[in-house]
Amino acid sequence: MKSFSSTQKRREALSALLTDPCEEVRIAAAEALEHLEAIGSIPEILEALKKGDIGTKLKALYALGRIGGEQVIPPLLYCASRPEEDIKSVAIEVLGTLGNAKALPVLMERLKDPNPTIQAKTIAALKNFKDPALVAAILPFLEAGDGLLDAEAACTLGHIGDGILESKIMELLRSPHQHTREAAALALGTLRIT
């Protein structure tokens, strides 16, 4: 019962700040209230994820990402392994945003997905882990030559790699694909100098 009482006290204190003269305080209070409401609604979100239509399920996945925390990781991992491409894609995106280490085994498995779009989404998600150990798994995608996988690999490697990759990324500046050239240019700007 203490948890409910504590949550109620927080809501009341935050609600009072919604009329604060300072706009930043009002915005912070509104965001905090929204977060408290979201935490309390995890069971409803999970129910929507199980029984809703595809649009509802996708919204539920994004809601789990906004809530964050350990409690949202298991359903997101489950959804990242689902056969439905839309659900799998959004779950991968959200897991990447959260950057929880528990997601790495599932994301590494998704790199082998037969759908290049899922592979690209996974590569993009991995950049948020900032783990140089991921370089070996992503490096082969630089040679995809498709304007999708090579571009995502360049962006991600720019975030987690180092200057050793400079020449490989520079090669992509001559790609026939605009998106790949753009990604390579951005990656060169973020790549750590060794």
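Lys57 lies in helix 4. The model is predicted. Lys57 counts as buried, at 19% relative accessibility, because the limit for a buried residue is under 20%. Beyond its neighbours within four places in sequence, Lys57 is in contact with Ala48, Leu49, Lys50, Gly52 and Ile87. Leu46 is eleven residues away from Lys57 along the chain. The C-alpha atoms of Lys57 and Leu46 are separated by 8.9 Å. Both residues belong to the lining of the largest pocket.

The overall fold sets the context for this site. The secondary structure of the chain comprises twelve helices and zero strands. Read along the sequence, the pattern is α-α-α-α-α-α-α-α-α-α-α-α. The chain has 194 residues, and 41% of these count as buried. Its C-alpha atoms fill a box of roughly 60 × 40 × 25 Å along the principal axes. Among contacts with a separation of 6 or more, 56% join residues 24 or more positions apart.

The pocket was examined next. Rolling a probe the size of a water molecule over the atoms shows where empty space is left. The largest pocket has a volume of about 180 Å³. Its lining is made up of Leu46, Leu49, Lys50, Lys57, Pro75, Tyr78, Cys79, Arg82, Glu84 and Ile87. By class, the lining holds six nonpolar, no polar and four charged residues. Helix 3 (42–51) contributes at least two lining residues, and so does helix 5 (73–80).

Pro75, one of the lining residues, is placed in helix 5. Pro75 counts as buried, at 17% relative accessibility. Leaving aside neighbours within four places in sequence, Pro75 is in contact with Leu46, Leu49 and Leu64. Of these contact partners, Leu46 and Leu49 also line the pocket. Pro75 also lies 8.7 Å from Leu61, C-alpha to C-alpha. Pro75 and Leu61 are 14 residues apart in sequence.

Two helix pairs were then considered. Two packed helices are described by the angle between their axes and the distance between the axes. Helix 4 (residues 54–67) packs with helix 6 (residues 85–98) at an angle of about 10 degrees. Their axes are 9 Å apart. Helix 4 and helix 6 are therefore roughly parallel to each other. On the helix 4 side, the contact involves Ile54, Lys57, Leu58, Leu61, Tyr62 and Gly65. On the helix 6 side, it involves Asp86, Ile87, Val90, Ala91, Glu93, Val94 and Leu98. The residues of this contact divide into nine nonpolar, one polar and three charged. Lys57 and Ile87 take part in the contact of helix 4 with helix 6, and both are also found in the pocket lining.

The second pair is helix 8 (116–126) and helix 10 (residues 149–160). Helix 8 and helix 10 pack at an angle of about 10 degrees, with axes 8 Å apart. That makes helix 8 roughly parallel to helix 10. Helix 8 supplies Pro116, Gln119, Ala120, Ile123, Ala124 and Leu126 to the contact. Helix 10 supplies Leu149, Glu152, Ala153, Thr156 and Ile160. The contact of helix 8 with helix 10 has eight nonpolar, two polar and one charged residues.

Arg110 is found in helix 7 (residues 104–110). Despite its charged side chain, Arg110 counts as buried, at 13% relative accessibility.

Most residues other than glycine have a negative phi, and most peptide bonds are trans. Lys130 has a positive phi of about 50 degrees although it is not a glycine. Lys130 is found in the loop between helix 8 and helix 9 (135–138). The residue is exposed, with a relative accessible area of 52%.

Met170 is placed in helix 11 (residues 166–171). At 37% relative accessibility, Met170 counts as partly exposed. Ala154 is 16 residues away from Met170 along the chain. The C-alpha atoms of Met170 and Ala154 are separated by 9.6 Å.

Note on methods:
Residues numbered from 1 in each chain as written. Predicted model: local features only at pLDDT ≥ 70, side-chain atom pairs only at ≥ 80, totals over all residues. Heavy atoms only, no water. 1 Å grid on protein atoms, 1.4 Å probe; cavity = no way out; pocket = protein on both sides within 12 Å on 5 of 7 lines; lining within 4 Å. Points joined across faces, edges and corners; volume = space filled by probe spheres on them. Helix = DSSP H or I, 4+ residues; strand = E, 2+ residues; numbered from the N terminus. Axes fitted to C-alpha atoms, helices over the stretch in contact; angles between N-to-C directions. Parallel < 35°, antiparallel > 145°, perpendicular 65-115°, else oblique. Contact = heavy atoms within 4.5 Å. Buried < 20%, exposed > 50% of the residue type's maximum accessible area, 1.4 Å probe, protein only.
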